[in-house]
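Visitor: Hi there! Could you walk me through this one?
Guide: Happy to. Let's get it on screen.

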Amino acid sequence: MSLRPAVPDDRDLLFYWRLEDEALPWWQGDAASPGTHSRWFQDRVANPAVQLCVAEVDGVPVGQARIDSNGELSFSVDREHRGQGHGAKLVVAATALAYEHGHTRVKAAADVTNN
């Protein structure tokens with residue numbers, strides 16, 4: 001697995017993944033619209049204190065990770081790629097990236113029913 005910075009062409013893919021997550025029973029956030037997602041995405045990509053990345057396996061996007069300025073890690077794995085260990089690998093890779101960007105502590109949470 002490799003992480004690469006999100007680019008403008010990833011906006012719609014991350015929106016699709018957001019909609020996938022919103023449909024799951026553990027989701028607790030507000031629903032996103034194309035407009036709110038576009039603004040959110042643009043703000044994150046432009047912010048040097050945020051690392052927004054796409055996780056790839058053999059060049060295929062399988063998920064995303066975001067490390068905020070406070071060291072909080074948010075991540076998700078594409079529904080088609082769940083149950084293959086990608087989530088754990090994504091957390092390891094994102095934690096290493098956070099360390100490279102000066103974070104000595106990363107905080108992440110995962111719902112136990114999210115598998």
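Visitor: Where is proline 48 found?
Guide: In this predicted model, proline 48 sits in the loop between helix 2 and strand 2.

Visitor: And is proline 48 buried or exposed?
Guide: Exposed: its relative accessible area is 73%, and the cut-off for that label is over 50%.

Visitor: Let's switch to the helices. At what angle do helix 1 and helix 2 pack?
Guide: Helix 1 (residues 11-22) and helix 2 (residues 34-46) pack at about 120°, and their axes are 10 Å apart. That angle makes helix 1 oblique to helix 2, because 65 to 115 degrees would be roughly perpendicular and over 145 roughly antiparallel.

Visitor: Is the crossing of helix 1 and helix 2 left-handed or right-handed?
Guide: The crossing is right-handed.

Visitor: Which residues meet there?
Guide: From helix 1, Arg11, Leu14 and Phe15 take part; on the helix 2 side they meet Pro34, His37, Ser38 and Phe41. By type, the contact residues split into four nonpolar, two polar and one charged.

Visitor: Which residues of helix 1 are buried?
Guide: Leu14, Phe15, Trp17, Glu20, Asp21 and Glu22. The buried residues of helix 1 pack against helix 2, and also against strand 2, strand 3 (60-67) and strand 4 (73-77).

Visitor: What about the span of helix 1, first C-alpha to last?
Guide: Helix 1 has 12 residues and reaches 16 Å, close to the 16 Å expected at 1.5 Å a residue.

Visitor: New topic: where is valine 57?
Guide: Valine 57 belongs to strand 2, which covers residues 51-57. With 23% relative accessibility, valine 57 counts as partly exposed, since buried would need under 20%.

Visitor: What does valine 57 touch?
Guide: Leaving out residues up to four places away in sequence, valine 57 touches Met1, Val62 and His86. Glutamine 28 is another story: valine 57 and glutamine 28 are 29 residues apart in sequence and 28 Å apart in space, C-alpha to C-alpha.

Visitor: And what is phi of aspartate 58?
Guide: Phi of aspartate 58 is near 55°, a positive value in a residue other than glycine. Aspartate 58 lies in the loop between strand 2 and strand 3, and at 79% relative accessibility this aspartate counts as exposed.

Definitions and conventions:
Residues numbered from 1 in each chain as written. Predicted model: local features only at pLDDT ≥ 70, side-chain atom pairs only at ≥ 80, totals over all residues. Heavy atoms only, no water. Axes fitted to C-alpha atoms, helices over the stretch in contact; angles between N-to-C directions. Helix = DSSP H or I, 4+ residues; strand = E, 2+ residues; numbered from the N terminus. Parallel < 35°, antiparallel > 145°, perpendicular 65-115°, else oblique. Left-handed = near helix turned anticlockwise from the far one by under 90°. Contact = heavy atoms within 4.5 Å. Nonpolar A, V, L, I, M, F, W, Y, C, P; charged D, E, K, R; others polar. Buried < 20%, exposed > 50% of the residue type's maximum accessible area, 1.4 Å probe, protein only. Expected span 1.5 Å × (residues − 1).
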